[in-house]
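This report covers charged side-chain pairs, helix packing and a few individual residues. The model is shown first.

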Amino acid sequence: MKNEDIFSTDVEKVLPALKSELERLSTIWLPRKREGDGEAGRLLEESLGINENNRHEADIPIADLKSVGVTKSSKLTLFSKEGPLLLPKSEIYERFAFTGKKHPLTLQSAVNSSPNSHQFSYHCEADGVYLACRNVDIQFWSWDLLTDSFAAKFPAVFTAHYVSKKIGDVQHFQFVNAYYFPSLITTVNSFISEFKQGNVTIEVRRYMDEQERNRGTAFRINSETFNRIFQTRQTII
């Protein structure tokens, strides 16, 4: 079902339209082949008539949509963005790639401010964020790039919270409550503050098969960090 008011730029039209659609979804179990936040997110988009997209902008004109599991703690992807490499790509693979479970050479890694098992980490400086391995900087994102990416993705955000269960052999989802978080200047400032405190994870998704594949570098947070960034909320259902 597609309610055109969901795609309005007028929040006074969007909120009741989403409320109506989410109340409808809260009464039914929706089948899906797989589980997880990503699958729930695609299911939500399809149910609301939103085409799947990998754009850097919000899902609908006034806000981005996020699906969140009620009974599990998981990380939410804020956005994906590439920053310039500080070394030649071939040198990065030669010096820092490792053998992965599925790929002979990979850089795929969840990176935080403390070094992980492959010695990847990031550090925040006055000009931005540096991704490093064994204390060698390999990629950079300026604060302007990160704040612009955050602002483009989050003019506001809706979260739809789901429960899931298997009915027979098929995974099913039900959306049980939802919230609207308007974006404020304090939201962007909180995002930068959380980053500087090491509460954002950089997920590197580069690997090499016959040629390099890059699924986009993602910036992710847990639910506690989300609640600190987006503090003003309105209940939808």
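## Salt bridges

Searching the whole structure gives 14 salt bridges. The structure is a predicted model, and the values below are computed from it. Side chains of opposite charge can pair when their charged atoms come close.

| Pair | N to O distance | Location |
|---|---|---|
| Glu23 and Lys19 | 3.0 Å | helix α1 (residues 11–25) |
| Lys89 and Glu212 | 3.1 Å | helix α3 (residues 89–96) and strand β13 (residues 212–214) |
| Arg95 and Glu91 | 2.8 Å | helix α3 |

Glu23 and Lys19 are 4 residues apart in α1, about one helical turn. Glu23 is partly exposed at a relative accessible area of 37%, and Lys19 is also classed as partly exposed, at 36%.

Lys89 forms a salt bridge with Glu212. Because Lys89 lies in α3 and Glu212 in β13, this pair ties together parts that are 123 residues apart in sequence. Lys89 has a relative accessibility of 39% and counts as partly exposed.

The salt bridge between Arg95 and Glu91 stays inside α3, where the two residues are 4 places apart, about one turn of the helix. An α-helix has 3.6 residues a turn, so residues three or four places apart point the same way. Arg95 is partly exposed, with 37% relative accessible area; Glu91, at 25%, is partly exposed too.

A network of salt bridges links Arg32, Glu39, Arg42 and Glu46.

## Helix α3 and its surroundings

Which residues of α3 are buried? They are Ile92, Tyr93 and Phe96. Viewed down the axis of α3, the buried residues fall within an arc of 105 degrees, so they line one face of the helix. Ser90 and Glu94, on the other side of α3, are exposed.

The buried residues of α3 are covered by elements that include the strands β4 (105–106), β6 (120–124), β7 (128–133), β8 (136–142), β12 (206–208) and β13. One of these, β13, holds Glu212, the salt-bridge partner of Lys89.

## Packing of α4 and α5

Helix α5 (residues 185–196) packs with α4 at an angle of about 130 degrees, and the two axes are 10 Å apart. That angle makes α4 oblique to α5. The crossing of the two helices is right-handed.

What does each helix bring to this contact? From α4 come Trp143, Leu146, Thr147 and Phe150. They meet Thr187, Val188, Phe191, Ile192, Phe195 and Lys196 of α5.

Leu145 also belongs to α4, which spans residues 143–153. With a relative accessible area of 24%, Leu145 is partly exposed. Setting aside residues up to four places away in sequence, Leu145 touches Lys81, Glu82 and Gly83. Leu145 and Lys81 are 64 residues apart along the chain, and their C-alpha atoms are separated by 8.7 Å.

## Positive phi in two loops

Gln119 is not a glycine, yet has a positive phi of about 70 degrees. Gln119 sits in the loop between β5 (109–111) and β6 and is partly exposed, with a relative accessible area of 38%.

Asn135, likewise not a glycine, has a positive phi of about 70 degrees. Asn135 is in the loop between β7 and β8. Is Asn135 buried or exposed? Asn135 is exposed, at a relative accessible area of 79%.

## Gln171 in strand β10

Gln171 lies in strand β10 (residues 170–182). Its relative accessibility is 7%, and Gln171 therefore counts as buried, the limit being under 20%.

Apart from neighbours within four places in sequence, Gln171 is in contact with Leu30, Pro31, Arg32, Arg34, Glu35, Ser164, Lys165 and Lys166. Among these contacts, Arg32 is also part of the salt-bridge network with Glu39, Arg42 and Glu46. Glu35 is 136 residues from Gln171 along the chain, with 6.4 Å between the C-alpha atoms of the two.

How values were computed. Residues are numbered from 1 along each chain as its sequence is written. This is a predicted model: local features need pLDDT of at least 70, side-chain atom pairs count only at pLDDT 80 or more; totals for chains, interfaces and linings use all residues. Side-chain values use heavy atoms; hydrogens and water are left out. A salt bridge is a side-chain nitrogen of Lys or Arg within 4 Å of a carboxyl oxygen of Asp or Glu. Buried means under 20% relative accessible area, exposed over 50%, partly exposed in between (1.4 Å probe, protein chains only). Contact means heavy atoms within 4.5 Å. The arc is that of the directions from the helix axis to the C-beta atoms. Axes are lines fitted to C-alpha atoms, for helices over the stretch in contact, and angles run from 0 to 180 degrees between N-to-C directions. Angles under 35 degrees count as roughly parallel, over 145 as roughly antiparallel, 65 to 115 as roughly perpendicular and the rest as oblique. A crossing is left-handed if the near helix is turned anticlockwise from the far one by less than a right angle, and right-handed if clockwise.
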